[in-house]
Every structure is written in structure tokens, then in C-alpha cells.
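Let's take a walk through this structure together.

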Amino acid sequence: MSTLFIGGLAWEADEALLRETFEAYGPVDDVKLLRFDDGRSKGVGFVRFRNEADATRALEKDGTELLERVLRVQVAKDRRGERRPRRDDAVQVVHVRRRR
């Protein structure tokens, strides 16, 4: 549980700002800001701490402001056990369009 999900980020927030903000709670191993294909920020990211105790303390940032935006700070969910269906799986998606 040493990785936190950070939501509500301002568009101008970057990895360096996230690292600087969360290093106040302890050593940060990795910072990832999710971006659209054109490079624009999606306003969410992940911060991975070296140890769980620091990550737990960093949860205090939930509900605080950064660049005039209220942050959502939560424990990141482990998605390694999940996967999205592929096209060749037994799932078929059908789009139905109403006639006008």
C-alpha cells in the first residue's frame, strides 16, 4: 500500500510539483501523472513511497488545496489481478443506434 492515487490535480501540475509536495512525508520512489495522447494532463496521478508508513501519513493531504484545486488522495487499488476483455475474448460489444 505504498502507492497513492492523487485526483483533482490542476492541469498545470507536473511530476516535479507532485514529487515536491509529497516528499514532505518521506522518500518518494516514483511519480506518474496520467496524460492524454496529446500530452495534456488528465488531472490524476500516482505517487509511490518507499515505505507504507510515509504513504499512510501522506493521506493527510486528502481534501487540501494544491494550485487552487482540492486534492483527492486515496490508497491506489491494485489492478494486477484484473484485466480488460480483449477483442478475441468471448465478450462481444454491440452498439445499437436508434432510428430517427
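**Strand E1 and its surroundings**

Strand E1 and strand E3 run antiparallel and are joined by 5 bridges. Here two strands count as paired if DSSP finds at least two bridges between them, and strands (E, at least two residues) and helices (H or I, at least four) are DSSP runs numbered from the N terminus. In this pairing, glycine 7 faces valine 44 of E3. E1 also pairs with strand E6 (residues 72–75), again in the antiparallel sense, over 4 bridges; there, phenylalanine 5 stands opposite glutamine 74.

A word on the model: it is predicted, so local features need pLDDT of at least 70 and side-chain atom pairs count only at pLDDT 80 or more, while totals for chains, interfaces and linings use all residues. Residues are numbered from 1 along each chain as its sequence is written, and side-chain values use heavy atoms, with hydrogens and water left out.

How enclosed is E1 by the rest of the structure? Largely so, because 4 of its 5 residues are buried (under 20% relative accessible area with a 1.4 Å probe, protein chains only; exposed is over 50%, partly exposed in between). In the segment before E1 you will find serine 2, which is buried too, at 18%. Serine 2 touches residues including Val47, Phe49 and Ala55, where contact means heavy atoms within 4.5 Å.

Now turn to the largest nonpolar core, which has 17 residues; Leu4 and Phe22 are among those touching the most other members. Such a core is a set of buried Ala, Val, Leu, Ile, Met, Phe, Trp, Tyr and Cys residues joined through side-chain atoms within 4.5 Å.

How values were computed
Lists of a residue's contacts leave out its neighbours within four places in sequence.
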